[in-house]
Amino acid sequence: MPPDPARRELAGIGIGRHAVAGPVVRMAPPLPEPPTTPGTENPDVALGRARSALTGVAETLRARGASAGGEATDVLDAQALMAEDPALDEAIAAGVGRGLSAARAVFEAFTGFREALAAAGPYLAERVADLDDVRQRAVAACLGVPVPGVPDPGHPYVLVARDLAPADTAGLDLTTVLALVTAEGGPTSHTAVLARSRGIPAVVGCAGAADLDDDTVVLVDPGASRVVVNPIAAEMPEPGATVRTVPIGPGRTADGVPIALLANIGGPADLPAAVAAGAEGVGLYRTELLFLDAATAPSAASQVEAYRDVFAAFPGGRVVVRVLDAGADKPLRFMAQEPEINPALGVRGLRALRRQPEILRTQLASISLAAQDTSADVWVMAPMVADVEETEWFLAEAAAHGLGTAGVMVEVPSAAMLADQIFEVAAFASIGTNDLAQYALAVDRQIGGLATLQDPWHPGLLRLIELIARAGRVAGRPVGVCGEAAADPMLARVLVGLGVTSLSMASPALADVRASLAEVTVAECQAAAARAVTARSAAEARARVCSVNA
Ligand code: PEP
Ligand code: MG
C-alpha cells in the first residue's frame, strides 16, 4: 500500500487520449562514477564485496536469460560470462590492493575492458553497451543501491522516470508498460516521441512525478494532462474501455472539410503501421534515419530501393520525401562537419547539403528514379530553410532532377516571417513545429527541464503558424504540419482553425486525431484557434481549448 492514500493530482503535458491506471515503477537514475578517494574497508573485505557483487550479477543475468528463453538466453549468458571473467577479477584485486573501494575497483576494471573492446573493431564495439550494463549492475551491487536503468517488475506498470533517453528505452519491454510519466521533458522529448510511436499514454514535464514512490497506484490521464495519485474507484477507467473512434478513412471535419491525415515515417519498416492506421500518404519521410549508421554516403541503388518501397505502399497517394536532414539531433557520419559549439545553430539541414551538393544530387536522382516506377504523388522538401534564396536553390536542384512538386519545411522563424515570398516559388510548405518551437522560443529541443517553453501550444509558436497558413491561403498553396504538434488531437483542431491543410504524425496518433477532427466543424476549429493564439501561455492556450471542447 502507498504510504499516503490521499488522492491528489499532478499536472504535466499529456500525450495521447486514453487514460490508464496502474502501479508505479521508478526507473532508477544512472549511478555517478564512484569516487577515487581511498576505500574505508580493508582490501580483503572490499575484494569479497566486489566478488559477491559480481557473482550475484552473473546469477541474476543467467536466471533472467533462462526465464526469457530464445535469443535472450544467449545474450544474457554472455553478459554473465563478462561478470565472471578471471582477468576482470585480477584487475579488481589489483585495484583494492591499491586502496580503492570495492565499487571504484570494479568500475576501473570494467573501464579497462571497455577500452580494449571499443578498440577491437566495430563488431566487438557493439558489446560495449552490454559491458556497461554489467558494470552498472556490479557497481550498484557493491554500493547496495537499486540497479539503474530499465526495470522489469514482471507485471504491468506505469514507468516513472526523470526523463527517458533512447538508450534507456532500447531494452525496455514496452508490452508491460501501461503508461509513461516523466518529471522532465517536453512534448518533443524522446519520451513523447516514443509514447506516440508506440501508442502508449504519457504525461511528460510532470514535476510532481519526482516524488512518486514505487507501487503507488496512479491514473495517467493524458487527455486532461494530469496524473491522479491514488485515484478513487469511480474515476478508474473501465477495463477494456476505449475513447470514441471513427472508422478509418480520409480525415475530415464534422462539416466535411478534408484535412489530409498522413504518416511520419523513417523507412519502409514503418509502412505496415502507417497503412494499417489508414494514413492517406506520407507527410514526412525522414530519409536521414535510413542512414544514421552509414560511414559512407549511401549509394543511389540503396536509396532507390528504400524510396520505391514507400512509394509502392501508397498508389495514388501523396508521399513527401524530406531530403537528408543531417546535423544537431540527427548527425550523419558521412556528412560530418568540423565540431561546432552549437550544432543546432550550425551547418545542418539544407546548409549541410549546400556544402556537399553531390550528396543531395544523388538523393534527388534516386527519388526521381524510384518515382518513375509508381503512381504515388511524390513531393520533395528541404529541411531548415531560412529564406527565399535558399528555397530557390533547392527548387532548382529538384527541377533539374524532374521533381516538379518541391517545397520547404518551415522550421526557422525567418522562413515563417517570409512565407509570402517563399510561396511565390515553392509548391507547398510543411511546418516542422519541433524545430520551429526550438528556434522561436530559444529552447534546445534535446534538453529536459524547459517543458513549458517547448510546448507547441505556446501562443508565440501558434502565431507563426498562423502567419504561414495565411500566406499559403493567399498564394493557394497547401500548408501541412509534420512536427509533433500534429499528433495532439486537440491541438490538431487549432492547427486546422489556423488554416493548416494537412497533418502528418506517427501512425498510432492517426486514429485519435481523425476522431477529434470529425467531432468539430471548421468554424469551431477557428474559434478554438482564436482562443489559443490570444492566450498568454501554452498552459492557458491548452486550458482554453481543452476545457471548452472537452
Ligand atoms: C520538426 O522539426 O518539427 C520536424 C518534423 O523535423 P524533425 O523532428 O525530424 O527535426
Ligand atoms: Mg526538424
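Helices (H or I, at least four residues) and strands (E, at least two) are DSSP runs, numbered from the N terminus. This is a predicted model, in which local features need pLDDT of at least 70, side-chain atom pairs count only at pLDDT 80 or more, and totals for chains, interfaces and linings use all residues. Residues are numbered from 1 along each chain as its sequence is written, chains are lettered from A and ligands numbered from 1 in the order in which they are written, and side-chain values use heavy atoms, with hydrogens and water left out.

**Domains.** Colour the chain by its domain assignment: domain 1 (8-28 + 149-232), domain 2 (43-143) and domain 3 (260-548). Such bounds come from an automatic or database assignment. Between domain 1 and domain 2, the C-alpha centres are 30 Å apart.

**Ligand 1.** Select the ligand and its shell. There are 14 residues around ligand 1, where near means a heavy atom within 4 Å. Arg 286, Arg 322, Lys 330, Asn 434 and Arg 445 come nearest. By type, the shell holds seven charged, four polar and three nonpolar residues. Here Asp, Glu, Lys and Arg count as charged; Ala, Val, Leu, Ile, Met, Phe, Trp, Tyr, Cys and Pro as nonpolar; the others, Gly among them, as polar.

Now show helix 16 (433-440) and strand 10 (281-286). Each supplies at least two shell residues. Helix 16 gives the most, with three.

**Polar contacts.** Pick out N or O pairs within 3.5 Å. From Lys 330, a side-chain N or O atom sits 2.6 Å from an oxygen atom of ligand 1. Arg 445 places a polar side-chain atom 2.8 Å from a ligand oxygen. For Asp 435 the distance is 3.0 Å, again to an oxygen atom of ligand 1. Taken alone, ligand 1 exposes 290 Å², and the protein buries 99% of that (Shrake-Rupley method, 1.4 Å probe).

**Two backbone stops.** Go to Asp 215, in the loop between strand 6 (202-204) and strand 7 (217-221). Its phi is positive, about 75°, although Asp 215 is not a glycine. Finish at Ala 442, in the loop between helix 16 and helix 17 (451-454). Ala 442, also not a glycine, has a positive phi near 55°.

How values were computed:
A polar contact is a pair of N or O atoms within 3.5 Å; within protein, one must be able to donate a hydrogen and the other to accept it, and residues adjacent in sequence count only if both atoms are side-chain atoms.
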